[in-house]
Every structure is written in C-alpha cells, then in structure tokens.
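Here is a friendly walk through one protein chain, written for someone who likes to check geometry against coordinates. Please keep the viewer open while you read.

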Amino acid sequence: MAAPAALALLAVTGCDSTSDAGAKPAATPSPTAVARVCAQPEAGPAKAPAGAVTVDPGVVGDLAAKTKNNPPNTTFWLRPGKHRLDPDRYAQVIPKEGNRYLGAPGAVLDGRKKNQYAFGGGARHVTISHLTVQRFVAPPDEGVVNHDSADGWVIEHATIQNNSGAGLMAGAHQQVRASCLRGNGQYGMNAYKGGGRISGLVVEGNEIVGNNTDDWERRREGCGCTGGIKFWAVDGADVRGNWVHDNRGTGLWADTNNNDFRIENNVLEDNDGAALIYETSYNAVIRGNKIRRNNWVEGRREAERGDNFPFATVYLSESGGEPRIKARTDKIEIYRNVLENNWSGITLWENADRFCNSPANTSSGDCTLLVKDTDRCAEPAIAKAPLYADCRWKTQRVDIHDNRFVLDKSVVKCAAKCDRMAVLANYGTYPDWSPYQGERVSEAITRKQHNRWHDNVYLGPWTFVAHDPSQVLDFGRWQATPYRQDAGSTFRARDGG
C-alpha cells in the first residue's frame, strides 16, 4: 500500500563506519517518513458529496439523530463548525454498517467535557475521515471513537485530541491512517477488544503525540496502562510510517499475547519512556525505524533512585520468536534501525518468576498462546516437558543486526546507566513451587535461547549487561566466550558519532 499523501518525507542518514579495520558496517536504513499530520491536516470535502446527508452544527444532536433515521451505507457530510451531541453523558453516535462520516474543512465534533463517547456500537465497516473529535471524557481504559471495538473501521485524515481515556479503540481489520492522535488523557489508541483478539490491524502514517496527559502511571503506579498506543492480544499488525513523539511514558507498547507485528519506517522520538516495549508477545519484525532521544525521563528517574536495571529505549520483556505460532516470521528480528542518543539501547529481559499461574504474572489470568488451559500450569506437571517450556513466555530467537547505535552522553546529559545493551534475567525465587528457581532462566536467555547481536555499528561509550544486572561488560568481553555477541560489529568508544 502506498504511503498516505499527507506524509512529509525525511530521509534518514546512512550507516557508513570508519571504525575497526576489516569490520563490516551496518546496512543503510530505509528512508523513514515523518507524518506531520497534526500541523498539516488534509482538508475534507468543501461540498457535500452526491447523495450525502448534510449534518448541521447549529442543531444539537443532529448527527446522532440523522444516523438513527437513515439506512446503513449512508454517507454523512458534517458542515464546517462545532457539532454537539445531546448533553446526556452517554449520548453518542451509533453508526450502521457501512456508514461514512466526512468532515468539511473546520468540522469538529465536540464532547464539551460532558459526553463520554463519540462513536460506538457494533456496526462494521464504518469510515470516519477529515473530522476533528475532541473533549470527550471516556473513563480509564475506554475509548471515544469506536468505543465498542467494532471490526473493519477506517479512521483516516482525522484529528482525535484532548479526550480523556483513549482517543480511539480498535477492532479487527481496522485501518488508522494519516490521522493525528494528540493530547489524549491515557492513550492515543487502545487496541483492545474485550472477549476476543484483534487481527489485521493497520496503523500507517499517523502522528501520535503528547498522550497520557493524565499521567496514569503516577496515579496507578505500575499499572502498565499508558502509551501513545497500547496493543493487547493483536494477531497481525502493520505499524508503519508513523511519527510517535513526546508522549508521557512509552511510545508504542505491545502487551500480552500479541503476535506477528511489523513495526517499520517509524520515527520514535522524545517519548518520556521507552520508544517501544514488546512484552509477553511473539514474532515481530522491527526495521528501518529512526529512534532518538527516548526514555530520558523514566530512565533517568530510575537511575537516580539507584535502580541498576538496564532500562532501555527498546525493551523486549518475555517476548520472542515461536515457530509454532503462525506468523510472517518465526523470530523477532530487529534490523536497519538507527538508535541515537536514547537512554540506553536494547534490553532483552525475562522475569524468571513470571509464568502462567504465578502470582508474579502481571498479566493476571492470562497464559501463553501455547497453553489453552491455564490450570495445567501447576505442580508437578509444570516441572516437565512440554509444560516446563510452554507455561512461560520466553525471550528467544531474537536477531539484532545491521543497526546503528549512537550515544553522546553530553547530549543525553548522563554520567552512567544510560549506555547499556542487555540480555538478562533475575534469580528465580517465587512462588515456592516454581520450577524456574535459581539461575535457570538467566542461563537460558543468555546462552541457550538463540538471542544474537551481530553486524551492528556502535558509536559512543557503550557497555553491555549479560546474564544478570551485576555482569557489566566492555565490548571485548561481550564478544568473547561465553557470550559471543556482536560478531562482525564495529565499535568506537568515543562520544557521539
């Protein structure tokens, strides 16, 4: 699919290296698009299309009423001006299948901080384009547009801003293209569908900026309930050509049994937390992204608290390749990305105490995609094959290659703990019936699960962490036995590059 016309292209510089003689330089990344759609939104039709129903901003509730009184597959054209729903908090538009909602230049649907939802219901194949939706007050974890996660919706050239909760929910085969998701209280989009998985999601050419204005991680410490976009149980997603920046917290966060993601040609920058978290999930390609100045707020905060964990800008937590789960790849491949002046680089992590039925599993009630009956993950069966392997999410088959990692500590303004690349786990202790106690998981993630860095370029004073947080290595020890990482990579220890 061609990139949306609204995209303004910014070429990423190549990866030529003048480092150690004979070493292989990383490949040049693909051009990366910056979707500047918030400042330059594409205008909608200035006149009503033939056969469209015209909606009057001077009549309160006109959009919902006309939707109710017209058949499926109707096109609605919203005149310029501020459109309002009835003042009841639950008043909303309930589309019918195939409806299209087109905004004229200057058309705004305004919730006035009174209405909770803008568009809801279960109708399929609804299109919303060239419309601004703002100032709705959805509760936490709920969304304003496509509140009920109906399937097949297309949201394009829309501006969804300054709402509470999530600006947008997602259903199967939803397309979100060339839109501005800005300044929403919790998420720009919450890709979650109660009671089912989401498949075939496309997120392309959007600007996702300044979300989590209500700072939910502070209000619910450790909730994992924020992000520019949060993905839950999505099976097949293409996330490409987006500009994800200046969000409070994580930029893109895939959490719990996601599978088959392609995250490519995005610009991820200036997010307070990680640019990307891929957690308890499977099979992904992460390529051609420009990733810069992320995690300065959260990484610095944890370092100042004395935490020695390698908080990174790309964080894979209990996530890896799994050939038994159908996808377009059977590993997690991270390549041809440029990571520049972030708080640390890539961390591969596996919590030894996190598995199905463990009290330490923060995705409470969920099990891996390999075990349908969670109750099977109990003693004594969990201590033996196949459940010993299948009852836990494993960071395995991760291939990190042909990337460019640049760090200038004078830019990041850090003295320590901002310079790490890591593969590690904790010492297993909990619960007392766990078969993963001790160093079993640390040994597995570091040496046995086919996690590999190679053919990368490093510019700056990088350090490396392997096995557990206490093992901080220089580049020579990282490449040597027993770790044998970054074969074919180049390294220049000076700041910057």
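This is a predicted model: local features need pLDDT of at least 70, side-chain atom pairs count only at pLDDT 80 or more; totals for chains, interfaces and linings use all residues.

## Strand 23 and its two partners

How much of strand 23 is buried? Strand 23 (residues 259-264) is mostly covered, with five of its six residues buried. One of its pairings is with strand 20 (residues 234-240), in the parallel sense and over five bridges. In that pairing, Asp235 stands opposite Asn259 of strand 23. Strand 23 also pairs with strand 26 (residues 282-287), again in the parallel sense over five bridges. There, Arg262 has Val285 of strand 26 as its bridge partner.

## Helix 1 and its buried face

Helix 1 (residues 62-69) has Asp62, Leu63 and Thr67 buried. Viewed down the axis of helix 1, the buried residues fall within an arc of 130°, so they line one face of the helix. On the face turned away from that buried side are the exposed residues Lys68 and Asn69.

What covers the buried residues of helix 1? The cover includes strand 3 (53-55), strand 4 (75-78), strand 5 (81-84), strand 6 (100-103) and strand 7 (107-110).

## A buried aspartate

Asp399 is found in strand 32 (residues 398-401). Buried or exposed, where does Asp399 fall? Its relative accessibility is 13%, and the cut-off for buried is under 20%, so Asp399 counts as buried. The side chain of Asp399 makes a polar contact with the side chain of Lys331, at 3.4 Å. Leaving aside neighbours within four places in sequence, the residues in contact with Asp399 are Lys331, Ile332, Glu333, Ile334, Arg452 and His454.

## Disulfides

How many disulfides does the structure hold? There are five. With bonded cysteines counted along the chain, they follow the pattern 1-2, 3-4, 5-6, 7-8, 9-10.

| Cysteines | S to S distance | S-S torsion | Handedness |
|---|---|---|---|
| Cys38 and Cys180 | 2.0 Å | about 95° | right-handed |
| Cys223 and Cys225 | 2.0 Å | -65° | left-handed |
| Cys377 and Cys391 | 2.1 Å | -85° | left-handed |

Start with the bond between Cys38 and Cys180, whose sulfur atoms are 2.0 Å apart. Cys38 lies in the loop between strand 2 (32-34) and strand 3, while Cys180 belongs to strand 15 (residues 180-182), so the pair ties together parts that are 142 residues apart in sequence. Cys38 counts as buried at 11% relative accessibility, and Cys180 is buried too, with a relative accessible area of 1%.

Next comes the disulfide that joins Cys223 to Cys225. Cys223 is partly exposed, with a relative accessible area of 27%, whereas Cys225 is buried at 5%.

The disulfide of Cys377 and Cys391 has its sulfur atoms 2.1 Å apart. It links distant parts of the chain, with the two cysteines 14 residues apart. Cys377 lies in the loop between strand 31 and helix 4 (387-390), and Cys391 in the loop between helix 4 and strand 32. Both Cys377 and Cys391 are buried.

Conventions: Residues are numbered from 1 along each chain as its sequence is written. Side-chain values use heavy atoms; hydrogens and water are left out. Buried means under 20% relative accessible area, exposed over 50%, partly exposed in between (1.4 Å probe, protein chains only). Helices (H or I, at least four residues) and strands (E, at least two) are DSSP runs, numbered from the N terminus. Two strands pair if DSSP finds at least two bridges between them. The arc is that of the directions from the helix axis to the C-beta atoms. Contact means heavy atoms within 4.5 Å. A polar contact is a pair of N or O atoms within 3.5 Å; within protein, one must be able to donate a hydrogen and the other to accept it, and residues adjacent in sequence count only if both atoms are side-chain atoms. A disulfide is a pair of cysteine sulfur atoms within 2.5 Å.
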